[in-house]
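I set out to look up selected features of one protein model and to note each finding as I went.

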Amino acid sequence: MHATFLLYLTAKHALGEINELNCVQNSSEIRTNWTREEAEALYNLPFNDLLFKAHCVHREHFDPNEVQQSQLLSIKTGGCPEDCAYCSQSARNNTELSASKMLEVQMVLEEAKKAKESGATRYCMGAAWRSPKDRDMRAIEMMVEGVKELGMESCMTLGMLTPEQILRLKDAGLDYYNHNIDTSERYYSEIITTRKFSDRIDTLNLVKEAGIKVCSGGIVGMGEKDMDRLDMLVSLATLDEHPDSVPINMLIPIEGTPLQDAEPVDPIDFVRLIAVARIMMPKSHVRLSAGRTEMSDETQAMSFFAGANSIFKGDTLLTTDNPEDSKDAALFKRLGIRPMGLKSCATAHEPAE
Ligand code: SF4
């Protein structure tokens, strides 16, 4: 028998087995009334049952072999007045990072163009502010407009916003606003004292009301308990609408911050959390964010199976390292994963065939 035909038969047989997976279709209704007890029950399922359930939900809404890629640029680094215990950019933490001015619009757009050429579909720009000053808003608008003209989605993370600032961003064409809730409401004051958990939720609600898509997630590995991680997911999954993007960061402890000696997160616990996020927020893009440099290829592969379908690409995030593009490309190739195009990024879609 011809070798190619044999390969075809083998592949057909394998695909047949995939189609026979016992996923109950349309089992993942969109709910915004999740409880901690339900989250805990999912989290404590036997690992294989949890992953199977999460993967079924994932296949129901996304092509399981596509991963969206965003790229992040710090447009204003350091000197932040907030006291986030994990952050190298807080002026209150004793890190080596010095404060710099906001980047010129042209420079930001040149970087965005490079990101597009290397495959990013969304350009995320972050500034180390408690909230933007009105005098900075025109430059911010020009950045959003420029990124849109390149044919990319735009995302900003600028801290808390006034309703007027939100409208200006909306009018400039901003697609996403990132505003992480970081952790549970209970644990929040252990990590940040210069603002309240409710401040974050208020800004998220205003952003959503203005018609800008919400990107909101958190960080694990800050000394929180399992219940804090689950409560963080419950807070996101009980917003009036689920965030369109849910970044789950694994802490990179930074010298000079109060969390410099934090214990690493168990990779199995991390994958469990990704799976619970996927089940509770079936149509959201769940993003592996900071911390991928410390994750093995196997942890990332399991996370993709559990429902993660977005990453940050590029060698740096705001200030911390990220895997090189070539390393990600090699992993995607080994896993048969394709970068998600803009159309698929915009909406969760029908089940993969
Ligand atoms: S996380 Fe953001 S708000 Fe907090 S200190 Fe860092 S830059 Fe400032």
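**Entry 1: C124 and the sites around it**

I looked up C124 and found it buried, because 27 other C-beta atoms lie within 10 Å. By the definition I used, a residue is buried if 20 or more other C-beta atoms lie within 10 Å of its own, exposed if 12 or fewer, and partly exposed in between, with C-beta atoms placed from the backbone. I note that this is a predicted model, in which local features need pLDDT of at least 70 and side-chain atom pairs count only at pLDDT 80 or more, while totals for chains, interfaces and linings use all residues. Residues are numbered from 1 along each chain as its sequence is written.

I placed C124 in strand β2. Helices (H or I, at least four residues) and strands (E, at least two) are DSSP runs, numbered from the N terminus. Leaving out residues up to four places away in sequence, I listed the contacts of C124 as S70, Q71, L72, C155, T157 and N178. Two residues are in contact if their C-beta atoms, placed from the backbone, lie within 7 Å.

I then turned to C155, which is in strand β3 (residues 153-157). C155 is buried because 24 other C-beta atoms lie within 10 Å. With residues up to four places away in sequence not counted, C155 touches S70, R122, Y123, C124, D175, Y176, N178 and C215.

I checked the record for these residues. In an unreviewed entry, UniProt lists C124, C155, C215 and R287 under "binding site". They span 164 residues in sequence, yet no two of their C-alpha atoms are more than 14.1 Å apart, so they gather at one spot. I keep in mind that UniProt positions are given in the numbering used here, that feature names are shortened, and that annotations may be inferred rather than shown by experiment.

**Entry 2: The ligand and its cysteines**

Which residues surround the ligand? I found C80, E82, C84, C87, Q89, S90, A128 and G159 around the ligand; a residue is near a molecule or strand if its C-beta atom, placed from the backbone, lies within 6 Å of it. I sorted this shell into 4 nonpolar, 3 polar and 1 charged residues. Here Ala, Val, Leu, Ile, Met, Phe, Trp, Tyr, Cys and Pro count as nonpolar, Asp, Glu, Lys and Arg as charged, and the others, Gly among them, as polar.

The UniProt annotation "binding site", again from an unreviewed entry, covers C80, C84 and C87. I located C80 in the loop between β1 (66-76) and α4 (105-117). C80 counts as buried because it has 23 C-beta neighbours inside 10 Å. Not counting residues up to four places away in sequence, C80 touches Q89, S90, A91, A128 and W129.

C84 is found in the loop between β1 and α4. C84 counts as buried, with 24 C-beta neighbours inside 10 Å. Apart from neighbours within four places in sequence, C84 is in contact with S90, I191 and I192.

**Entry 3: Helix α4**

I compared the length of α4 with expectation. At 1.5 Å a residue, its 13 residues should span 18 Å, and the end C-alpha atoms are 19 Å apart, which agrees. The expected span is 1.5 Å times one less than the number of residues.

Which residues of α4 are buried? I recorded V108, A112 and A115 as the buried residues of α4. They cover an arc of only 60 degrees around the axis, which puts them on the same side of α4; the arc is that of the directions from the helix axis to the C-beta atoms. On the other side of α4, I found Q106, M107, K114 and E117 exposed. The buried residues of α4 pack against β1, β2 (122-127) and α5 (137-149). After α4 comes G119, with a positive phi near 110 degrees.

**Entry 4: D182 and the whole chain**

I noted that D182 is not a glycine, although its phi is positive, at about 70 degrees. D182 sits in the loop between β4 (176-178) and α7 (188-191).

Finally, I counted 13 helices and 10 strands in the protein chain. Of the 353 residues in the protein chain, 47% are buried.
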